[in-house]
Amino acid sequence: MPKPAKRPKLAVWKFASCDGCQLSLLDCEDELLAIAGAVEIANFPEASRAVVGGPYALSLVEGSITTPHDAERIHAIRRSSRMLVTIGACATAGGIQALRNFKNVREMTAIVYAHPEYIATLNKSTPIKDHVAVDFELRGCPVNKFQLVELISALLHGRKPNIPAFSVCMECKRRGAICIMTARGIPCMGPVTQAGCGALCPGYERGCFGCFGPKETPNSHSLSTIWSGLGVGEQDILRAYRTFNANAEPFRKEAESHEREHHQDH
Amino acid sequence: MSANTTRTIKVGVLARVEGEGSLRLKIKDDRVLEAKLAIFEPPRFFEAFLRGRAYSEAPDITARICGICPVAYQMSACHAIEDAFGVQVVGPLRDLRRLLYCGEWIESHALHVYMLHAPDFLGYEDAIRMAQDHPEAVKRGLRLKKVGNAIMTLLGGREIHPINVRVGGFYKVPARRELGALIDDVKWALDAALETVRFAATLPFPDFERDYDFVALQHPSEYPLNEGQLGSSNGFGEGKSQISIGEYEQHFTEEHLAHSNALHSVINSRGAYFVGPMARYALNYDVLPPVAQQAASEAGLGRVCRNPFQSIVVRAVELVFACHEALRIMESYETPERPFIEVQPRASSGYGCTEAPRGILYHRYRFDDHGVILDAKIVPPTAQNQKTIERDLFELASRHLDLPKDELQWRCEQAIRNYDPCISCATHFLDLRLEKA
Ligand code: SF4
Ligand code: SF4
């Protein structure tokens with residue numbers, strides 16, 4: 001009798017994060033039991049007490065590296081994973097907690113904690129790719145659950161995931177939506193932000209705030225010029241780039257340029 | 001060396017909780033010396049980097065403290081900011097906020113009841129394994145969760161970190177017909193919630209009761225979500241049974257302890273207190289809709305429940321409430337003229353406290369005259385329950401030291417999951433370490 005095919009092992013790992021991206025997996029209510037049938041969920045503490053040892057076919061990593069211990073832990077995970085994929089802005093860019101990279105961490109610890117000496121933390125919040133090789137990065141704060149399902153199924157079948165790197169603008173255009181920036185003067189980060197959400201915010205009459213991070217080769221400088229023309233102040237432009245993907249290089253640089261201009265103004 | 005045996009039981013990573021924490025029990029001979037819930041979720045310093053941000057950014061930034069209850073963060077932030085700027089959101093916009101919050105309660109409670117908590121009672125490692133023997137229950141849970149998510153997606157754009165909430169209201173409000181399209185699903189959910197109460201009531205509950213100091217919002221005419229006074233089952237001293245949200249910090253203090261990255265919250269001069277479904281239920285039974293009261297009484301619950309293991313039944317009763325309330329709002333909704341109320345920043349301080357699925361979530365902000373945040377304070381529910389969880393663990397372990405280690409450990413984990421702890425929140429928290437010294 002043929003032995004039943006061994007199911008590939010899927011592991012979910014958490015670093016500094018809000019748990020939102022891994023929750024996206026539990027939010028696949030229609031697909032969850034099918035996914036659980038197709039793979040062996042070997043490590044997913046948020047969902048199960050059961051822990052199965054590696055090696056793992058696929059590791060999904062949520063969260064950024066912010067402690068000396070985590071900087072070690074990620075290497076062990078890499079060694080036991082055939083494919084390692086980062087999920088969300090925390091894991092791919094350092095997340096909102098990378099705002100610490102622009103402040104004094106000891107000072108910040110003292111603001112939140114009465115005894116900063118109890119807290120072990122690094123000065124910077126860094127993405128997983130700064131520490132180990134990453135096979136694929138899924139964007140978003142949080143990730144889009146349909147992209148997550150596509151990614152898991154593509155990787156497990158050995159095909160290339162259908163996850164475009166163009167901008168949110170393209171998603172608006174494909175939908176035939178009227179541009180809220182040109183038509184209504186609402187500042188929007190769509191031109192510099194990677195697609196994946198389906199141009200969610202413009203559909204709700206709100207400018208994109210860049211939660212999927214920079215698209216390939218974004219022209220952030222030219223967008224800032226448009227924003228200035230719409231009457232957005234330097235500080236507001238700076239803060240727009242310095243939010244959920246503050247440490248992603250194109251956004252970091254654009255924010256820094258406004259920091260300089262701002263200082264020159266004074 | 002003493003002939004005494006001291007043992008330690010440790011659970012390195014607590015499962016089926018949101019975020020990372022550990023439990024450590026220190027046992028000497030036949031006595032529990034210490035029960036500690038350590039939170040090693042790395043700190044993310046939200047209060048610190050909120051300084052210098054615009055008021056309008058606070059709802060979206062604070063949502064990222066927790067992917068499980070982002071609406072709670074958005075709501076507490078909005079209420080605190082509106083309090084500071086002297087604005088009140090009323091009418092259909094207020095109703096839509098309650099509806100969005102009902103969506104989060106349904107999603108979060110269904111997730112906890114079926115996916116995180118029920119497997120403990122039935123002896124499964126997780127809901128996926130439970131589904132092999134109890135497919136109907138797990139499927140019901142997933143579909144309920146999905147209805148909660150559908151409400152959040154319609155009103156918020158997406159279920160995790162909704163994009164449609166702003167200070168003063170929403171970016172865009174739904175048309176009556178858009179809400180209408182969900183009514184049949186929510187009607188199904190109300191029936192499924194009643195079935196959930198019946199399902200939860202059949203689970204085996206350990207005999208464990210404690211006299212808790214319950215703290216929750218109280219509202220004269222409605223089960224609290226967004227608004228109310230703070231009530232406590234033991235009062236606030238000087239004959240006061242309630243305080244306003246602005247008085248919170250006069251009565252509660254956060255302590256920072258060496259074993260945890262989360263701050264422990266205490267009620268001044270008394271210590272541990274209890275927030276969440278059991279507290280809300282005890283303090284607001286009278287304003288539950290009759291359908292929820294009836295379901296509770298059929299499940300054998302009195303007006304107050306003091307067995308934390310039965311919190312799963314109380315959570316199910318709250319599911320009934322949330323579905324009923326969602327339906328009420330959807331059926332009576334009229335599209336408001338404007339999606340939001342304009343606010344005018346001013347140099348001021350504001351306080352907000354709303355009922356997250358796990359209990360009260362407090363925000364306080366101070367602004368300059370342009371609405372830039374000068375400082376912020378956030379107290380999430382799990383930080384408030386942490387001391388109570390440790391007391392429960394101490395008592396529970398003391399009574400069950402005769403159990404084999406594996407069983408004792410599982411029982412302790414279950415006791416922690418009674419609180420649906422959200423560790424991501426508490427660090428702004430868990431690993432069972434059993435130390436037998
Ligand atoms: S990327 Fe955003 S949603 Fe995902 S874990 Fe980080 S904060 Fe949460
Ligand atoms: S439009 Fe922009 S901010 Fe909004 S969800 Fe999409 S990527 Fe995120």
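Predicted model: local features only at pLDDT ≥ 70, side-chain atom pairs only at ≥ 80, totals over all residues.
The ligand itself lies between chains A and B.

## Surroundings of ligand 2

Ligand 2 is surrounded by residues of both chains A and B, so its site is shared between chains. Chain A provides A:Val168, A:Thr193, A:Cys197, A:Ala199, A:Leu200, A:Cys201, A:Cys208, A:Phe209, A:Gly210, A:Cys211 and A:Phe212, while B:Ile163 comes from chain B.

The shell around ligand 2 holds ten nonpolar residues, two polar residues and no charged residues.

Helix H6 of chain B covers residues 135-156, which amounts to 22 residues. From its first C-alpha to its last, H6(B) reaches 31 Å, close to the 32 Å expected at 1.5 Å a residue. Just after H6(B), B:Gly157 takes a positive phi of about 90°.

Helix H4 of chain B (residues 91-122) packs with H6(B) at an angle of about 155°, and their axes are 8 Å apart. An angle over 145 degrees counts as roughly antiparallel, and H4(B) and H6(B) are therefore roughly antiparallel to each other. Their crossing is left-handed. The contact of H4(B) with H6(B) is made up of 17 nonpolar, five polar and three charged residues.

## Helices H11 and H12 of chain B

A further helix pair in chain B is formed by H11 (residues 290-298) and H12 (residues 311-332), whose axes come within 9 Å and cross at roughly 160°. H11(B) and H12(B) are therefore roughly antiparallel to each other. The crossing of H11(B) and H12(B) is right-handed, whereas that of H4(B) and H6(B) is left-handed.

## A hairpin in chain B

Strand E12 (residues 359-367) and strand E13 (residues 373-379) of chain B pair in the antiparallel sense over six bridges. Within this pairing, B:His363 stands opposite B:Ile378 of E13(B).

The two strands form a hairpin with five residues between them. In this hairpin, B:Gly371 takes a positive phi near 85°.

Conventions:
Residues numbered from 1 in each chain as written. Chains lettered and ligands numbered in written order. Near = placed C-beta within 6 Å. Nonpolar A, V, L, I, M, F, W, Y, C, P; charged D, E, K, R; others polar. Pairing = 2+ DSSP bridges. Helix = DSSP H or I, 4+ residues; strand = E, 2+ residues; numbered from the N terminus. Expected span 1.5 Å × (residues − 1). Axes fitted to C-alpha atoms, helices over the stretch in contact; angles between N-to-C directions. Parallel < 35°, antiparallel > 145°, perpendicular 65-115°, else oblique. Left-handed = near helix turned anticlockwise from the far one by under 90°.
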